[in-house]
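I opened the model and kept notes as I went. The entries follow the order in which I looked things up.

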Amino acid sequence: MKQFPENFLWGAAASAPQTEGHSSKNGKSPSTWDKWFELAPEKFNADQGPENTSNMYEFYADDIKRMRKIGMNSFRTSIAWTRLLPDGKTLNPEAVAFYRDYFTKMNEAGVKPIMNLFHFDMPWWLMEKGGWENRESVEAFGFYAKTAFEQFGDLVDMWTTFNEPMVHIESGYLYGYHYPAIHDFKKAVQVGYHTLMAHVAAVEAFRQVMPKGQIGIILNVSPAYSRSDEPADLKAKENADLLNIKSFLDPAVFGTVPEKLVTLLAENELLPVTEAADKARMAANTVDFIGLNYYQPGRVQAPTNPKQPAQDVSDLFAHYDWPDKKINPYRGWEIYPEALYDVAIMMRDEYRNIPWYVSENGMGVADEERFMDESGEIQDDYRIEFMIDHLNYLHQGIEAGSQCFGYQAWTFVDCWSWLNGYRNRYGFYRVDLEDNYKRTVKKSGHWFKELAERNALPE
Ligand code: BG6
């Protein structure tokens, strides 16, 4: 048996906008997702918008029982900023009652809540003022964070500020997958900087309100592997890691933006506007732990005809198709579990061995009902195999001394996923959209229960 550390967190992750549903009800104001769906529903797979997701707003009490049934001892989701503070200032009493009951029931069931504050759901009232482009967003987020700690700090002692900040930055300002779907590298960097300072403002509020709890940030890690050891390819790898990983990981852990990143941005005329007090504030507000979401690695090479100054990240590094890669045929993403070992070692050696956990890892599958047996259960052996492979490499990293304290899969029940709607299924439970969101456990749910109860992987 490959034993995991004592008190290891076994669980799953999700987010408020992807699971709560009721996104226009119970006092909640719209986020960019609600508005975007109203403005351009055709962008969303099968016209599926955020109003109806897995509707945990109604089903949370039974869902918590379902979590226990598959051995989960922890669950990370987020609070919806637009539900708690619909206009950014005034508390919504219904939201307070809902979240308090939700977190109380989790604690009673022995499912540790880890609460995140922002999972791509920018309030519309703030977006109308420029969203993360506007420096006001920093203090607005700090106020929201402080309010959440004050309202729920007695029920939740582990918090995170952002989920995958690089995703809303790139998807909103470079790639067109998130609102406002524009292409402007300079704005993307400014949005990134304000997001970083908003994270800092939230950590600062946390230290005032919650002397005992722990706070972290959740980052997507796609470690970059370079095509060759040629200097130009290695430079591409360095650029990719600086932008994708170190841009948030270094400030979160060390309180500083890496010098090399500052130089790279300066060379490309991309430096953001900052305020004099920012540096000291960042240095004073580092985190207690890190969450890392890992799905697939980055394969990079030197760009062929880069523009100087860079107009796009593709001028700083280019992607290449690694011929040996194994693909998830049901989602198209590369499967490379070895990277989890590399990530564990990176955290041990480059990030002062700070405690961290796998905050998302999972396998998305389109049209998953094709794997349903006669009893109605999804036989997702591919998902079990995927997770075993990743856990094996994670275990090696832990054996080598990396301080990983948990593994949370994406996700617990199939959930709505932005423009992809319900296309890619990831859950331990299937959700039937035709039958009032009925949940049915998949084979992976039974497997996860055994794993979590043994706290060990069979050899
Ligand atoms: C993660 C995000 O990176 O990927 C989730 O944190 C998202 O919010 C998940 O749902 C799966 O994405 P997709 O595109 O396969 O549905």
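**Entry 1: an open sheet**

I began with three strands that form an open sheet in the order β7-β9-β10, with mixed pairing. β7 (224-226) and β10 (318-319) stand at the edges with a single partner strand each, so one side of each has no neighbour in the sheet. I count strands as paired if DSSP finds at least two bridges between them. Strands (E, at least two residues) and helices (H or I, at least four) are DSSP runs, numbered from the N terminus.

The model is predicted: local features need pLDDT of at least 70, side-chain atom pairs count only at pLDDT 80 or more, and totals for chains, interfaces and linings use all residues. Residues are numbered from 1 along each chain as its sequence is written.

I then checked β7 against β9 (residues 298-301): three bridges join them, and they run parallel. A224 has G298 as its bridge partner in β9.

**Entry 2: strand β13**

Is β13 (residues 356-360) enclosed or open? Five of its five residues are buried, so the rest of the structure largely encloses it. For burial I use C-beta atoms placed from the backbone: 20 or more others within 10 Å is buried, 12 or fewer is exposed, and in between is partly exposed.

I looked up its partners next. Four bridges join β8 (residues 289-293) to β13, and the two run parallel. L292 is paired with V358 in β13. Two bridges join β13 to β15 (residues 404-409), also running parallel. There the bridge partner of W356 is C404.

**Entry 3: the ligand shell**

I listed 13 residues around the ligand; E164, G364, S417, N420 and N424 come nearest. A residue is near if its C-beta atom, placed from the backbone, lies within 6 Å. By class I found one nonpolar, nine polar and three charged residues. Nonpolar means Ala, Val, Leu, Ile, Met, Phe, Trp, Tyr, Cys and Pro; charged means Asp, Glu, Lys and Arg; the others, Gly among them, are polar.

**Entry 4: a helix pair**

I took α3 (residues 56-69) and α5 (residues 93-109): they pack at an angle of about 10°, axes 10 Å apart. That makes α3 roughly parallel to α5, a label for angles under 35 degrees. Axes here are lines fitted to C-alpha atoms over the stretch in contact, and angles run from 0 to 180 degrees between N-to-C directions.

**Entry 5: R331**

I found R331 in the loop between β11 (326-327) and β12 (334-335). R331 is partly exposed, with 19 other C-beta atoms within 10 Å. R331 and Y144 are 187 residues apart in sequence and 35 Å apart in space, C-alpha to C-alpha.

Note on methods
Parallel < 35°, antiparallel > 145°, perpendicular 65-115°, else oblique.
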